[in-house]
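Please follow the paragraphs below with the sequence and the 3D view open side by side.

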Amino acid sequence: MDIMNEFRRFLDENWDTLVSDCCELAQIPAPSHHEEQRVEWVKNYFERWGAENVIVDDALNVILPLGAESDQLDVYMAHTDVVFPDTDPLPLVREDGFIRCPGIGDDTAHVAIMLLVARFILEKKLRPKTGVLIVANSCEEGLGNLKGARRLCDDYGKRMRSLITFDSGLNNAVDVAVGSQRYRVTVKTEGGHSFGKFGNRNAIVYLSRMIDTLYQMKAPEYGKTTYNVGLIEGGTSVNTIAQEASMLFEFRSDDARGLAAMETLFNSVITTYRAMGVTVEVELLGIRPCNGELDPAAMDALRERITRHNLVANGKDTSFHSGSTDANIPLSRGIPALCCGLIRSTGSHTREESMEEASMREGALIAAAMMFDSFIIE
């Protein structure tokens with residue numbers, strides 16, 4: 001069987017369906033931790049094409065297990081959540097060869113492509129070489145803290161021989177995990193009336209000074225290490241000395257030593273400001289780990305696969321780089337993993353996000369070739 005030629009014919013016959021499914025799915029709101037509507041849509045999709053054992057776990061992962069009793073599993077996944085908090089349908093426009101919708105490229109189109117390949121596998125009754133999990137996972141974005149990937153690795157990690165997550169841009173692949181630590185820092189003072197209690201300590205002032213101190217830090221020279229204050233808030237009114245002010249602070253690195261050094265610096269700043277007599281509360285919001293101990297040969301094999309399939313699909317080489325994706329969790333646990341991009345898009349994480357519709361064709365060929373590697377082709 002020339003499986004790729006069969007899939008090309010299948011893709012041509014179902015192209016309009018792929019695009020319409022992508023548009024339908026893209027409009028379903030799915031903020032992290034609240035992907036329920038997309039979970040139902042994906043589950044129904046699997047079952048419509050013959051799947052009988054679809055699993056929805058407590059983390060809102062939708063899992064299609066094929067030969068999952070095996071002690072060696074290949075995992076293919078794409079995340080259902082988007083970075084936007086909308087609970088109403090997301091606005092979508094399709095024109096001039098582009099689909100414009102918040103979250104269309106990150107990661108809705110990847111989910112739609114993966115589902116089409118899964119449909120082909122179900123219709124052709126392909127048998128896995130060992131075991132395969134096809135997963136629409138939850139909570140990749142922001143403070144979702146990779147909950148879906150963590151749960152998947154908790155449940156199946158000892159049996160995983162590889163994991164591919166579909167995300168990012170066409171001909172790009174992430175093979176090094178950028179770890180991060182995220183915090184909410186809250187400063188509290190006595191505050192008071194701006195006239196009657198003038199001279200009392202102002203929480204906004206102390207928070208501002210803390211931010212300035214943090215930005216005097218020299219980033220550790222391990223890999224690429226960064227830090228950022230992404231949100232500040234606090235105070236009551238124009239005539240009130242603020243009693244409370246807070247910020248969201250994160251640091252990132254593609255080297256575990258960079259994260260450790262940043263944690264030491266961050267804690268030293270917190271200690272300094274607590275010594276000034278103000279209350280400083282620190283809440284850890286999320287941790288994304290860096291690479292753990294990995295089998296170099298197994299990682300090279302994954303890189304070779306995606307490089308080969310990209311070249312066949314569109315004649316372009318693959319750019320490997322570091323990133324923060326669902327692959328962080330398996331990579332940190334020694335499971336060979338890559339994040340593989342399937343589409344061309346712009347404006348990720350903005351409401352103007354736009355995807356080149358035709359790029360899904362190249363992406364579908366790449367996803368299919370990657371996934372067929374795990375099946376017996378007769």
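The side chain of Asp254 makes a polar contact with the side chain of Ser322, at 3.5 Å, where a polar contact is a pair of N or O atoms within 3.5 Å, one of which, within protein, must be able to donate a hydrogen and the other to accept it, and where residues adjacent in sequence count only if both atoms are side-chain atoms. This comes from a predicted model, in which local features need pLDDT of at least 70 and side-chain atom pairs count only at pLDDT 80 or more, while totals for chains, interfaces and linings use all residues. Residues are numbered from 1 along each chain as its sequence is written, and side-chain values use heavy atoms, with hydrogens and water left out.

A polar atom of the Asp254 side chain also lies 2.8 Å from the backbone nitrogen of Lys224. Asp254 itself sits in the loop between strand S14 (244-253) and helix H7 (256-274); helices (H or I, at least four residues) and strands (E, at least two) are DSSP runs, numbered from the N terminus. Leaving out residues up to four places away in sequence, Asp254 touches Val176, Ala177, Val178, Tyr222, Gly223, Lys224, Cys290 and Ser322, contact meaning heavy atoms within 4.5 Å. Asp254 counts as partly exposed because its relative accessibility is 24%, given that buried means under 20% relative accessible area, exposed over 50%, and partly exposed in between (1.4 Å probe, protein chains only).

Ser32 is found in another loop, the one between helix H2 (15-26) and helix H3 (36-48). With a relative accessible area of 16%, Ser32 is buried. Its side chain makes a polar contact with the side chain of Asp81, at 2.6 Å, and a polar atom of the Ser32 side chain lies 3.4 Å from the backbone oxygen of Glu141. Both Asp81 and Glu141 belong to the residues that Ser32 contacts once its neighbours within four places in sequence are set aside, together with Val82, Cys139 and Gly144.

Taken as a pair of cysteine sulfur atoms within 2.5 Å, disulfides come to a count of zero. Cys22 is in no disulfide, the nearest cysteine sulfur, that of Cys23, being 5.7 Å away, and Cys22 counts as buried at 0% relative accessibility. For Cys339, the closest cysteine sulfur is in Cys340, at 7.5 Å, which is too far for a bond; Cys339 likewise counts as buried, at 1% relative accessibility.
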